[in-house]
Amino acid sequence: MARITRLSGSIDQIDVDFVEREATSRLLMKLSIHLHLAGLSLSNTVPELEKSGVQRSRKAIHDWVQKADLQPVGGKAPNQIALDETVIRINDQQYWLYAAANPETNELLHIRLYSTTTTALTQLFLQELREKHDVENAVFLVDGARHLQTALQRAGLRFQVERSGNRNSIERVFREVKRRTSSFSNCFSHAELEIAEKWLQSFATWWNSLN
């Protein structure tokens, strides 16, 4: 599995304690999860396992990613937070991906997937972000979206409108997510919203391991 050594990120944050009687070694399970999140489709991850003499299906690897339940680590206190949303397609349906990132570190602080976009959902997202991180003194960087600004005002959080500069960190994340969700049809085909969201949160954990 020489290709594994060329992929960035760490497998240390991957917890496979959900395993009870899995025949595959925990190390290979971690590496498989890491390979997939780092850029390999499920189909291309299967032959990488086979190089180590292990045969597992795409579904098995998909299930490992889901069961690992990776989440971005909480407890951060950023000075600035880039806040935005973007549309992604799953099963020919539109969903709204909300994300908050620290532009100084490029880390994703929080990520959620919704079937629509409203001020109320933005407020819910901000409430969850507050529960995970210390954001009271942070300045939120937003574009011209009025519902984002309204939700921040109602939450009593500071913000400034910025369409470039430090907001580029979240735009880079969105570009990569869109590339993944459009090319990895075997990951998102026939996926329910909750399953897709869990994959995206796992992806965020891998993304943060690069920074």
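A salt bridge is defined here as a side-chain nitrogen of Lys or Arg within 4 Å of a carboxyl oxygen of Asp or Glu. The structure is a predicted model, in which local features need pLDDT of at least 70 and side-chain atom pairs count only at pLDDT 80 or more, while totals for chains, interfaces and linings use all residues. Residues are numbered from 1 along each chain as its sequence is written, and side-chain values use heavy atoms, with hydrogens and water left out.

**Figure 1. The salt bridge between Glu-48 and Lys-51.** The closest N and O atoms of Glu-48 and Lys-51 are 3.3 Å apart. Burial is judged by relative accessible area (buried under 20%, exposed over 50%, partly exposed in between; 1.4 Å probe, protein chains only). Glu-48 counts as buried because its relative accessibility is 4%, whereas Lys-51, at 58%, is exposed. A search of the whole structure finds six salt bridges.

**Figure 2. A salt-bridge network of Arg-112, Glu-128 and Glu-197.** Glu-128 forms a salt bridge with Arg-112, with the closest N and O atoms 2.7 Å apart. This pair links distant parts of the chain, 16 residues apart: Glu-128 lies in helix α4 (residues 119–132) and Arg-112 in strand β3. Helices (H or I, at least four residues) and strands (E, at least two) are DSSP runs, numbered from the N terminus. The side chain of Arg-112 also meets that of Glu-197 in a salt bridge (2.6 Å, N to O). Here the partners are 85 residues apart, Glu-197 being in helix α8. Both Glu-128 and Arg-112 are buried, and Glu-197 is buried too.

**Figure 3. The aromatic cluster of Trp-199, Phe-203, Trp-206 and Trp-207.** Rings of Phe, Tyr and Trp (its six-membered ring) pair if their centres lie within 6.5 Å; planes under 30 degrees apart count as stacked, over 60 as edge-to-face and the rest as tilted. The structure holds five aromatic pairs. Of these, Trp-199 and Phe-203 are stacked, at 5.8 Å centre to centre with 10 degrees between the planes. Both residues lie in helix α8, four residues apart, about one turn of the helix, and both are buried. Phe-203 and Trp-207 form a tilted pair, at 6.0 Å centre to centre with 45 degrees between the planes. Because Phe-203 and Trp-207 are four residues apart in helix α8, about one helical turn separates them. Both Phe-203 and Trp-207 are buried.

**Figure 4. Leu-113 in the largest nonpolar core.** A nonpolar core is a set of buried Ala, Val, Leu, Ile, Met, Phe, Trp, Tyr and Cys residues joined through side-chain atoms within 4.5 Å. Of the 37 residues in the largest core, Leu-113 and Leu-200 touch the most other members. Helix α8 gives the most to this core, with eight residues. Contact means heavy atoms within 4.5 Å; not counting residues up to four places away in sequence, the contacts of Leu-113 include Ile-88, Trp-96, Glu-197 and Leu-200.

**Figure 5. Strand β4 and its neighbours β1 and β5.** Two strands pair if DSSP finds at least two bridges between them. Strand β4 (residues 139–142) is covered on both faces, with Val-139 and Leu-141 buried on one side and Phe-140 and Val-142 buried on the other. Three bridges join β4 to strand β1 (residues 80–90), and these two strands run parallel. Gln-80 stands opposite Val-139. Four bridges join β4 to strand β5 (residues 158–161), also in parallel, and Phe-159 in β5 is the bridge partner of Phe-140.
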